[in-house]
Amino acid sequence: MKWSFFIDGLPVAQGRPRAMVTPGGHIRVYDPDRSRAWKNAVALASLPYKPRQPSEKAIHVRVTFAFIAPKRLKNRLCHHIAKPDIDNLLKLCLDSLVGIFIRDDKQVICVEAEKVYGSSPGMNIEIEEVE
């Protein structure tokens, strides 16, 4: 099985987990607001393609993170070598797929990812089961 979809908006990297002490003295760890909001956007955009059950097979993921080029680079073709780091972008992307397309991100055996400048910001995701 293969799924492909696009999430419109500026891609967000997985932020560092935040922690707080509850009034009862317990420690609660949570995602930063921006990370949580982007994960929700990915989940919402993927709903029309959601399978009945998350896959339990090995998974190959291709992701293109598109950013708007700064004015000084508008007429030049070049790579996006600024922040956010691609590994943090991927972490958030893969975490967003858990429970929807895959049971656990340990199922991902191959990842192809790139950061590019595009006409509109967003994230294109292709998910493919590997037989």
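1. Two strands count as paired when DSSP finds at least two bridges between them. With that in mind, welcome to this predicted model: four strands form an open sheet in the order 1-6-4-5, and the pairing is mixed. Strand 1 (2–8) and strand 5 (108–118) are the edge strands, each pairing on one side only. From one strand to the next, the twist averages 10°.

2. Strand 1 and strand 6 are antiparallel and share seven bridges. You can find Asp-8 opposite Gly-122 in strand 6.

3. Next comes strand 6 with strand 4. These two also run antiparallel, with nine bridges joining them. A pair to look for here is Val-63 with its bridge partner Ile-125 in strand 6.

4. How do strand 4 and strand 5 run, and how many bridges join them? Strand 4 (residues 58–68) runs parallel to strand 5, and the two are joined by ten bridges. Phe-67 has Tyr-117 of strand 5 as its bridge partner. In general, strands of a sheet pair through backbone hydrogen bonds, in either a parallel or an antiparallel way.

5. Now for the helices. Helix 1 (residues 33–46) packs on the sheet and touches strand 1 and strand 6 (122–130). The direction of helix 1 makes about 130° with that of strand 1. Helix 2 (residues 86–97) lies across strand 1, strand 4, strand 5 and strand 6, and runs at about 125° to strand 4.

6. The peptide bond joining Lys-83 and Pro-84 is cis, with omega about 10°.

Conventions. Residues are numbered from 1 along each chain as its sequence is written. This is a predicted model: local features need pLDDT of at least 70, side-chain atom pairs count only at pLDDT 80 or more; totals for chains, interfaces and linings use all residues. Side-chain values use heavy atoms; hydrogens and water are left out. Axes are lines fitted to C-alpha atoms, for helices over the stretch in contact, and angles run from 0 to 180 degrees between N-to-C directions. Contact means heavy atoms within 4.5 Å.
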